[in-house]
Amino acid sequence: MRHLALDVIRDEHQALAAMLRSMHLLVAQAQRSGQAPDFAVLRAMLFYVDEFPERLHHPKETQLLFPALRARCPELWGTLDRLEADHARGEAAVRELAHALLAYEVLGPPRRQDFVDALDRYIDGYLCHMAAEEQEVLPAAQRHLSAADWATLDTAFAANRDPLTGHAADPVFQPLFQKIVREAPAPIGLA
């Protein structure tokens with residue numbers, strides 16, 4: 001049986017993975033050309049990661065999905081502990097990456113490699129995090145959660161969907177998404 005919450009989670013994971021890969025491509029293209037990357041676009045992309053996955057997506061997983069699974073799947077506790085710890089560190093991780101980006105922008109090439117290394121670690125960690133959710137957590141949820149659990153999850157995940165998954169953005173965020181789509185490289189943008 002299909003559940004809206006699972007579709008939303010997977011769609012939002014795909015959007016985030018595309019954003020992360022686009023950040024990597026933007027930086028790699030700049031490195032190959034010997035130029036600095038478009039710092040404004042990278043800041044917009046980091047802002048997106050902070051605003052949507054960190055502030056909207058993760059809380060629904062931590063506050064709704066994970067507790068329901070803890071009640072029914074004690075064998076997942078270790079995985080859920082690790083994923084919740086990742087969520088708890090998420091805001092700090094974005095701030096550290098934003099700091100490394102600012103250092104590169106302000107201090108120039110001597111700080112480039114620090115940013116590139118921080119970005120690579122961030123992307124690798126995030127992709128591993130999402131893979132664990134999709135390979136371990138979501139299949140367990142599908143097997144063990146009740147109809148009442150799904151009703152709660154479906155409602156919560158439908159309440160504020162990521163605009164990069166094809167849903168309308170809050171008008172206040174329209175300039176952010178227009179900038180990213182217009183100026184970031186594929187797979188997230190048109191540049």
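The crossing of helices α1 and α2 is left-handed, a crossing being called left-handed if the near helix is turned anticlockwise from the far one by less than a right angle, and right-handed if clockwise. This is a predicted model, in which local features need pLDDT of at least 70 and side-chain atom pairs count only at pLDDT 80 or more, while totals for chains, interfaces and linings use all residues. Residues are numbered from 1 along each chain as its sequence is written, and side-chain values use heavy atoms, with hydrogens and water left out. Helices (H or I, at least four residues) and strands (E, at least two) are DSSP runs numbered from the N terminus.

**Packing of α1 with α2**

- The axes of α1 and α2 are 11 Å apart and the helices pack at an angle of about 155 degrees, where axes are lines fitted to C-alpha atoms, for helices over the stretch in contact, and angles run from 0 to 180 degrees between N-to-C directions.
- That angle makes α1 roughly antiparallel to α2, since angles under 35 degrees count as roughly parallel, over 145 as roughly antiparallel, 65 to 115 as roughly perpendicular and the rest as oblique.
- The residues of the contact of α1 with α2 divide into 15 nonpolar, 3 polar and 2 charged, with Ala, Val, Leu, Ile, Met, Phe, Trp, Tyr, Cys and Pro counted as nonpolar, Asp, Glu, Lys and Arg as charged, and the others, Gly among them, as polar.

**Packing against α4**

- Helix α2 (residues 39-72) and helix α4 (residues 112-144) have their axes 12 Å apart and pack at an angle of about 30 degrees, which makes α2 roughly parallel to α4.
- The crossing of α2 and α4 is left-handed, and the residues in contact include Leu-42, Val-49, Pro-53, His-58 and Arg-72 of α2 together with Phe-115, Tyr-122, His-129, Ala-141 and His-144 of α4.
- By class, the residues of the contact of α2 with α4 are 13 nonpolar, 3 polar and 4 charged.
- The axes of helix α1 (residues 4-33) and α4 come within 11 Å and cross at roughly 160 degrees, and α1 and α4 are therefore roughly antiparallel to each other.
- α1 passes α4 in a left-handed crossing, and the contact of α1 with α4 has 16 nonpolar, 5 polar and 6 charged residues.

**Salt bridges**

- The count comes to 13 salt bridges, each defined as a side-chain nitrogen of Lys or Arg within 4 Å of a carboxyl oxygen of Asp or Glu.
- Arg-55 forms a salt bridge with Glu-51, with the closest N and O atoms 3.8 Å apart, and these two residues, 4 residues apart in helix α2, are separated by about one helical turn.
- Arg-55 is partly exposed at a relative accessible area of 43%, whereas Glu-51 is buried at 16%, where buried means under 20% relative accessible area, exposed over 50% and partly exposed in between (1.4 Å probe, protein chains only).
- Not counting residues up to four places away in sequence, Glu-51 touches Leu-56 and Phe-173.
- Arg-95 forms a salt bridge with Glu-91, the closest N and O atoms being 3.7 Å apart, and both residues lie in helix α3 (residues 77-107), 4 residues apart, about one turn of the helix.
- Arg-95 is partly exposed, with a relative accessible area of 39%, and Glu-91 also counts as partly exposed, at 44%.
- Asp-50, Glu-51, Arg-55, Glu-91 and Arg-95 are linked in a network of salt bridges.
- The side chains of Arg-182 and Glu-183 meet in a salt bridge (3.6 Å, N to O), and Glu-183 is partly exposed, with a relative accessible area of 25%.

**Individual positions**

- Arg-72, placed in helix α2, is partly exposed with a relative accessible area of 35%.
- Leaving aside its neighbours within four places in sequence, Arg-72 is in contact with His-144, Leu-145, Ser-146 and Asp-149.
- The C-alpha atoms of Arg-72 and Ala-141 are separated by 9.1 Å, although the two lie 69 residues apart along the chain.
- Gln-174, found in helix α6 (residues 174-183), counts as partly exposed at 31% relative accessibility, and Gln-174 and His-99 are 75 residues apart in sequence and 25 Å apart in space, C-alpha to C-alpha.

Notes:
Contact = heavy atoms within 4.5 Å.
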